Amino acid sequence: MRTWRSWLAVLPAAALVLTACDPGDDPAEEPVTEEPDLDEEAEEEPDDAEVDEEAADDVVRADADLVIWADDLRTPVLEPFGDEFGDQNEVNVTVQEVPFDDIRDRLITAGPAGEGPDIIIGAHDWLGELVANGVIATVDLAGVEGELEDIAVEAFTFEGQTYGLPYATENVALYRNTDLVPEVPGSWDELEETATALQDDDEVQQGLVWPTEPADPYHNYPVVTAYGGYVFGQTDDGTYDPSDLGIDSDGAIEAAQKFDELITTGVLSPDISYDLMVDLFSGGDAAFAVTGPWALGDMEGVPFEVTPIPDIEGGTPEPFVGVQGFMISAFAENELLAQTFLTDFMATEEAQIELFEAGTRPPALTAALEQVADDPNFEGFAEAAADGVPMPAIPEMASVWDAWTNAYELIYEGAQEPEEAFSDAADQIRTLID
Amino acid sequence: MSTTTSPPDTELHGSASGGTGVDARLRTGEHPLSRVADSLSGLLVKLVLVAAFNALGIFMLVRMASLDAPWYGLVMTLVTTIALNVIYLGKRNLPLKYLIPGTLFLLVFQAWPFVYTFFIAFTNYSTGQILTQDQAIERIEQLSVTTLPDAPRFDAVPFADGDDLALLLSDQQGQEFLGVPDDGLVPLQELEVVRDADQVVEVEGYERLSLGAAQDRIDELTEMRVPIEAGEVQLVSLTTATLREQTRFYDPETDRLIDEATGTTYVASERGRFVSEDGTETLTPGWRVVVGWENFAEVFTNEAIRGPFGRVLVWTYAFAFLSTFLTFAVGLGIAITLNDARVKGRKFYRLAMIIPYALPTFMTALIWRGMMNRSFGVLNDMLGVAVPWLNDPNWARFSVVLVNLWFGFPYMFLICTAALQSIPDDVYEAASIDGAGGWQRFHGITLPLLLIATAPVLVATFAFNFNNFNVVYLLTGGNPPIVGAATPAGHTDILISYTYRIAFESGGGQNFGLGATVAILTFVLVAVMAVLSFRWIRPLEEINE
């Protein structure tokens, strides 16, 4: 059954060719749920076009006993560990570089065809789709579970089973230009006042920059949760329940009204793209920014500090926490070897610290996290993460982004009343899920 | 071999009329020596090419055989390779020598994707339904294997005595056992142990397996189970073992899956899922099955898809028509201007016109997006205005067409320049003598003659823009959103970007079957347009005759 599978990767392209269209942009490659990486990986890979054209080809498993697919940031880190592991176990290990956003889709096509890797790196919110497709195997974390951050393990737990070894967490928090604002704002109102005052005095172009173009439900989520809103309800064991959609819950509607107010009063501009946010903040033209650790390197133009977003009207903002980790393919040639590499080699301080240095995201191993916690920025992200909730990994989440983004855009444009925009989005999502 | 000496047409006719006519003509050629030289080098080239193709064919056969490819793939590759050898090494089959490469490319790049897309449209191929049934069964069985709560964990080292395998296990308290399949755990103290520098190297004839040797027997090690009171110990990595239990088992005789923990029986459904007998529980993952016309029915009946469909379709036609018409008008205008000998520096301008065409859409569409930003974009900054280029529905439609015009006019400019240069000057001279003015010459001569040459291009451009995913997706993402739409849709969404939202960004993941279905329906729409257009063009062509 190899032939039809090898064409799966080409399908979207083929479908477009069929109707005389340029297949340059393979739609299946676009990130669907991994919102933070939408911005960040684009930064890291200026030659997107090339990458996408390759998408029509299969990435074929390298000829080795243990094959790992990792992105450009982590491949150089993993290679020496792979070599060492290979020497110890008398096997050969190959790390193949695959763009982060492509790994999921390529595993889905290459895995069942027998051409996939043994191990991939990925984000925990891929689990829903990967598990539904039956392309990843469970990972036995029992031996190392206690050494990992709880939220990281929770994120990689899906329907009662663990599917990955986490190595890093990521979430948004508040970046503050310490030249312009030396003190941490004690509350959201104080933040608004400071931002508005700086803006009115023309000290900055925009007091608070927040990615709003396109609207970004991922960055907006802390505000929603501060008002008690939520995306999906959680059962007692933390599993997200797709039948309990919270986008039109009272708290979420209040958050929608808040965004309407923030735009109307000019605290937020509706025209800030991710790149603009980075430019404005790192150029000293903004006092506050809200985004994740992936932007740390780009913000270096000004002195800054990272702290959790302050409480909003008494409610604590709970950002989505994304967790990156290693997963084992269900079609791995040697599952025991893959499992050994993960628990014996990747759940170590040394490995997690090196992955941290390459990816600038707080490590998931507690001991490694403690080592980097001296850096106040990572402390800020870690504090924010402590209040956070894992990003839902259920496949239904795919239906949420587009509808919710649209609702925010309508609010930003004043095209619809905030409460209507959110309840329409909730209706759309329910229609799509059914 | 003769390809280097005579044009294809002659040969085709020659061969069709007499079979050996070409060879005869070759033999009686005027320059026998040069022909021999040509045919020698031609022969060499041919041999090298055929050899290269054979090498590729053999490589593919070997690779396919090693990957358990289906038999028809092997047969097709084999037949193609043999056929090519027969055709190109033989002296006959001259027409085929010309037809085969084109036919092969047509089959590979046009027919096969079409057939494949068509096939996918009749399946439920989507997230959760990508495996074969056998793979799905194996996954369901594997996923039912769980580590028991509070199960003891052991550090493990594989040992072997000839064909027999065993595990040296040490529990959390540091107690050591030899675990033997069928026999269970035996404390190490009771056994004859050989140690070398604290490391156990031999127990009761079982020798420590080197890691390389363990790799060679990895399947046996994976399957190995050591019974203890609470269950069976098995390896979870090459260094640890624990108690695990599998609860779901497939019974091939009844084609049912049985969960031994709950006693539930699951039956394979026509939808490619195992469903419990009472119909309440469905197992993950499923497999791909043929569902007939279901996807087509879904497109027409599902409210989620049908909702904004009409609006999107109207805008798709408008966008494609406007894009085609405007690029043609602008391209033609510039081509006529630059075709006039009085314009100085024409070469420079012509080069400059090509720039938008030469830059990758990916980069430039995103740059346009930045330039059109309402508050921070260069456009509004320079003009000193606050136009909502991408935020207001009508402005956004305007911007998409504008940017697409920028992308598209250089191509039209190229085509029109070429076509203009092929119109003989004496026609214009004659018209001037007859007293025709500029507009009359354009309307009476240039445009009709140009349309004959460019009409097929216009039809192709329309078809291309009908599916111009890149520009829409990168510039506006289909937005601004339509208020109150049943499913997410935007004012600048065209059919293909809307399909993308439905098939790949919503529901429970990706729905390739539905995507393929809409691709086929789109193809029908475009094909109908093309046929109608060509019928409309035909009278124009007759003018030329």
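A: E204(B) is partly exposed, because 16 other C-beta atoms lie within 10 Å. (Buried needs 20 or more other C-beta atoms within 10 Å of a residue's own, exposed means 12 or fewer, and partly exposed is in between; the C-beta atoms are placed from the backbone.) Before we go on: this is a predicted model, where local features need pLDDT of at least 70 and side-chain atom pairs count only at pLDDT 80 or more, while totals for chains, interfaces and linings use all residues. Residues are numbered from 1 along each chain as its sequence is written, and chains are lettered from A and ligands numbered from 1 in the order in which they are written.

Back to our residue. E204(B) sits in the loop between strand 7 (199–203) and strand 8 (206–208) of chain B. Helices (H or I, at least four residues) and strands (E, at least two) are DSSP runs, counted from the N terminus. What makes the backbone here worth a look is phi: in E204(B), which isn't a glycine, phi is positive, near 50 degrees. Most residues other than glycine have a negative phi, and most peptide bonds are trans.

T360(A) isn't a glycine either, and its phi is positive at about 45 degrees. You'll find T360(A) in the loop between helix 14 (349–359) and helix 15 of chain A. T360(A) also counts as partly exposed, because it has 19 C-beta neighbours inside 10 Å.

Leaving out residues up to four places away in sequence, L369(A) touches E149(A), P362(A), P363(A) and A382(A). (Contact means C-beta atoms, placed from the backbone, within 7 Å.) L369(A) and A382(A) are 13 residues apart along the chain, and their C-alpha atoms are separated by 8.8 Å.

Helix 16 (residues 376–387) of chain A lies across strand 8 and strand 13 of chain A, at about 25 degrees to strand 13. Angles like this run from 0 to 180 degrees between N-to-C directions, with axes fitted to C-alpha atoms, for helices over the stretch in contact.

Those strands belong to an open sheet of four in chain A, ordered 9-12-8-13, with mixed pairing. Strand 9 and strand 13 (304–307) of chain A are at the edges with a single partner strand each, so one side of each has no neighbour in the sheet. From one strand to the next, the twist averages 20 degrees. Inside the sheet, strand 8 (residues 173–177) and strand 12 of chain A are antiparallel partners over four bridges; two strands pair if DSSP finds at least two bridges between them. L174(A) faces V290(A) in strand 12 of chain A.

Helix 9 of chain A lies across this sheet too, over strand 9 and strand 12, at about 140 degrees to strand 9. Helix 9 (residues 188–200) of chain A has 13 residues and reaches 18 Å from first C-alpha to last, close to the 18 Å expected at 1.5 Å a residue. (The expected span is 1.5 Å times one less than the number of residues.) Its buried residues are L191(A), E192(A), A195(A) and L198(A). They cover an arc of only 140 degrees around the axis, so they're on the same side of helix 9 of chain A; the arc is taken from directions running from the helix axis to the C-beta atoms. These buried residues pack against strand 9 (206–209) and strand 12 (286–291) of chain A. Just past helix 9 of chain A, D202(A) has a positive phi of about 60 degrees.

The peptide bond from T284(B) to P285(B) is cis, with omega near -5 degrees, and P285(B) is in the loop between strand 15 and helix 9 (294–301) of chain B. N479(B) and P480(B) are also joined by a cis bond, with omega about 5 degrees. P480(B) belongs to the loop between helix 18 (469–475) and helix 19 (495–504) of chain B.

Terms used:
Contact = placed C-beta atoms within 7 Å.
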